[in-house]
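Colleague: I'm new to this one. Could you walk me through a few of its features?

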Amino acid sequence: MTDMSYIKHRSLVIPFRSIPFLIPVPVPVIITCPLVRERSKTFLLLVVGTRMFRFLAKTSRATRSIRFPWNSLGVEVAGGNSTNIGAHRAAVGRAKSTDSTSQRAIPESLAMYGENDYFKSLRCANEQLHEALASPTRFQSIYDREDRTDTSSPESTALRESYGKYITQYRGSFMMKNAYDLAIYSQLFNHVQPRTVIEIGSFTGASAMWFSDTAKLLGYDCIVYSIDIEHGLIDETIKTTKPQTVKFIQGDATKLKEVLYPSMLKPLPHPWLVVEDCHHSIATALTYLNQFMNTGDYLVIEDTSPYTLKTEQSGTNYIDKLNIVKEFLKGPVGRQYKVDSFFTDFYGYNCTWHWHGFLRKFDE
Ligand SMILES: C[S@@+](CC[C@H](N)C(=O)[O-])C[C@H]1O[C@@H](n2cnc3c(N)ncnc32)[C@H](O)[C@@H]1O
């Protein structure tokens, strides 16, 4: 159906815009009559002045917009690119991020429209993102956090989400991730750009493929190492079609040293993303990997929400998992990790199956 409001709007606008172009029409009258000449001069000056003012204002707005960086985030960008935001950086201090975010200007085509709603929303989003990433309270000790979630009715939400989570497929294979966590991971890949992923718990291999594909879609190189005690679970199609960037390793997470030996780990490029998703020997495995991890590397400990307990068929005690993780984070190794509330609370406080689960490594 034709959008009549648009036509109406256009018909109002066009005659207005035409006014300056109609000005030359009464030129003979202006020349012959002194009174009309004086008044017309004033009118003409007013019209020309107004139009010039509008033109200059629009141009300067457009120029400002083009210069306005998409990422004036004050974060150190991987590859040495950085932007100074003074006060924010000072506030962030030791917690300053090494996140990598694309330097992107607001599209020129959009900026040319001036202060329209889309432009304003982009600027608003940019400011909000800037504040969230540079917030002095972004990185938190798990002990300063509360064991709660903003999710309303978390038990029934977990039950509802678990239905979708356990029938989620990627490339035709089952993958144990819910919608929030997939979205949060994709943000982590956008900002942190991990070059190495170490996943403990491959299951069908779909999550390893998703990690690899996500990095590839974002345009950077990343190798995914995925370990599982049970190699037979890996989907045959994934085994045969997987790219070189995905490496499945059969092994026991309780003896990680025998699977991922030091000479193999040391040369792997950073930042790393370590994903703990097998729920066994968490502290032992993470203490071993920690020796090879740098400041700015990320660790995601999955399924720490106590509300997922009743939804799991396996009988794994997820309340225990949260307490095991807390115990680990209290110790000398764990203290180097802070909860990154930017990711963990992306959709609300602990609105994830990984309560306090998105952690960043810091210098001691
Ligand atoms: C929850 S699933 C992993 C899900 C997968 N990461 C995903 O997102 O689709 C846990 C996996 O851990 C594996 N696992 C259990 N115990 C293990 C161990 N000791 N070492 C390595 N893997 C183990 C299981 O075989 C299972 O495939």
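Modeller: Gladly! Helices and strands here are DSSP runs, numbered from the N terminus. Please keep in mind that this is a predicted model.

Colleague: Where does Pro-271 lie?

Modeller: Start with its peptide bond: from His-270 to Pro-271 the bond is cis, with omega near 0 degrees. In general, most peptide bonds are trans. As for its place, Pro-271 sits in the loop between helix H12 (262–265) and strand E9 (272–276).

Colleague: Which residues of H9 meet H8?

Modeller: The H8 side of the contact brings Ser-186, Phe-189 and Asn-190. By class, the contact has three nonpolar, three polar and no charged residues. On the H9 side, the partners are Thr-214, Ala-215 and Leu-218.

Colleague: Is Gln-193 buried or exposed?

Modeller: Gln-193 is in the loop between H8 and strand E6 (196–200), and has a positive phi of about 50 degrees although it is not a glycine. A residue counts as buried if 20 or more other C-beta atoms lie within 10 Å of its own. Gln-193 has 23 such atoms within 10 Å, so it is buried.

How values were computed: Residues numbered from 1 in each chain as written. Predicted model: local features only at pLDDT ≥ 70, side-chain atom pairs only at ≥ 80, totals over all residues. Contact = placed C-beta atoms within 7 Å. Helix = DSSP H or I, 4+ residues; strand = E, 2+ residues; numbered from the N terminus. Nonpolar A, V, L, I, M, F, W, Y, C, P; charged D, E, K, R; others polar. Buried ≥ 20, exposed ≤ 12 C-beta atoms within 10 Å, placed from the backbone.
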